[in-house]
Amino acid sequence: MSTRLEPKTFLRHFVNTADAAGFHVLEYGEAGGLPLLAADLSPKLPRMSVYLSAGIHGDEPAGSLALLTLMAQGWFDREIAWHILPMLNPGGMAAGTRNSPDGIDLNRDYRDNHAAETVAHKAWLRHAGRVYDAALSLHEDWEASGFYLYEMRNGEPAALGWSILQSVEAVMPIDRSPEIDGFPAVNGFLRPHANSSFETMHEWPEQLFLHRDHTALSYTFETPSSLPLETRVLAQIIAIKTTVNLLLAPRVEDAFEI
Ligand SMILES: [Zn+2]
C-alpha cells in the first residue's frame, strides 16, 4: 500500500479548511519549493494551549491526515489556543521518504539544526516564547505491531498516558513488546528520557526539544504502518481527543494520579 501523501494538494486543502475554521495560517518557511505551514487559533483567554505536529517523517501520513480530518470536522474548541503544524517535512512526504530531501532525519536534528526545515521550525517556536500546556507529536512505525506512545514529563508517569492507550485499544492493538525502538516499554508506554539528562546527547528529537524549552507535558503517538491507513488515522484522532478531553476535565489532577 502506498503511504505517499501529495503535499501540495494536502497543504492547499489544509489551508482552506483551517481558514474556514477561523485559524490564522502562517507560512513560517519553505523547503525545496514547498511551504512550511502553521495554523494558530489564539483566543483572548484560552483555557489551555496545545501544540500538535505531524509529518516530520515523510513516510508517516496518518498524523497529517488526522489533523486535517479534525480541522474539517470543526473539532478544535475555540476556547483553546491551538498551534498546529500539519506537515513538518513536505519534501519527504512528496518522495515518501522518512528523511528530508537533503537526506536528514529531521527528528534527530533539534540540537544541531542541519536542516532548513528544523531551523525554520525552531525560529517559529522561539517567536513570542511559545509555551504549551501540552505538545503532541504524531508519528508512525514500520516495525510496530500496535500503537504505542512516548511521554516526556518530569516525575512519575501520568495516568493520562494509560488512558490514551486504553482509548486507542478500541480501534487497534497496543504494542506490548518489552522493548520498542531500543527502549524499555510497558504495555505501549515509553519514557526513555524520564528524569535523565539529555544535554550531552546530540541527536535530539523534536519532542526532547519541546520538553526542554516549550512544554512540561508531551507525547509522541506512534501508529503501526502495517495497518490500514484509515485505522491509523482514527487511532491518532482518538489519542488526540482523549488527551485534550482529559486535560480539560474539571478535576484535571485526576489525570495525573497513578
Ligand atoms: Zn516518525
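Is asparagine 187 buried, exposed or partly exposed? With a relative accessibility of 37%, asparagine 187 is partly exposed. The views below show this residue and other sites in a predicted model.

View 1. Aspartate 181 belongs to the loop between strand E7 (179-180) and strand E8 (183-184). Aspartate 181 is partly exposed, because its relative accessible area is 46%.

**View 2. A zinc ion is held by His57, Glu60 and His139.** The donors are ND1 of His57, ND1 of His139 and two OE entries from Glu60, at 2.0 to 2.3 Å. The arrangement is irregular because the 4 donor atoms subtend angles of 57 to 153° around the zinc ion. For a tetrahedral arrangement, all angles would have to lie between 85 and 135 degrees. Along the sequence, the donor residues follow the spacing H-x2-E-x78-H. Glutamate 60 and histidine 139 link distant parts of the chain, being 79 residues apart. Glutamate 60 lies in the loop between strand E3 (49-54) and helix H2 (62-72), while histidine 139 is in strand E5 (residues 134-141). Both glutamate 60 and histidine 139 are buried.

**View 3. Arginine 232 makes a polar contact with glutamate 140.** The contact joins the two side chains at 2.7 Å. Arginine 232 is part of helix H7 (residues 229-248). Arginine 232 counts as buried because its relative accessibility is 0%, and the cut-off for buried is under 20%.

**View 4. The largest nonpolar core contains 52 residues.** In soluble globular proteins, nonpolar side chains tend to be buried together. Trp82, Ile84, Phe147 and Phe221 have the most contacts inside this core. Helix H7 supplies its largest share, 9 residues. Leaving aside residues up to four places away in sequence, isoleucine 84 touches Phe14, Phe23, Leu37, Ala38, Ala39, Leu52, Leu67, Met71 and Phe76. Another core, of 23 residues, lies apart from the largest one and includes Ala120, Leu125, Ala135 and Met152.

**View 5. Strands E1 and E2 form a hairpin.** Strand E1 (residues 24-31) pairs with strand E2 (residues 34-41) in the antiparallel sense, over 7 bridges. Glycine 29 has leucine 36 in E2 as its bridge partner. Between the two strands are 2 residues, and glycine 32 in the turn has a positive phi of about 60°.

How values were computed. Residues numbered from 1 in each chain as written. Predicted model: local features only at pLDDT ≥ 70, side-chain atom pairs only at ≥ 80, totals over all residues. Heavy atoms only, no water. Donors = N, O, S within 2.8 Å, 3.2 Å for Na, K, Ca; no water. Tetrahedral: all angles 85-135°; square planar, octahedral: opposite > 155°, others 65-115°. Helix = DSSP H or I, 4+ residues; strand = E, 2+ residues; numbered from the N terminus. Buried < 20%, exposed > 50% of the residue type's maximum accessible area, 1.4 Å probe, protein only. Polar contact = N/O pair within 3.5 Å; in protein donor to acceptor, adjacent residues only side chain to side chain. Core = buried A, V, L, I, M, F, W, Y, C linked by side-chain atoms within 4.5 Å. Contact = heavy atoms within 4.5 Å. Pairing = 2+ DSSP bridges.
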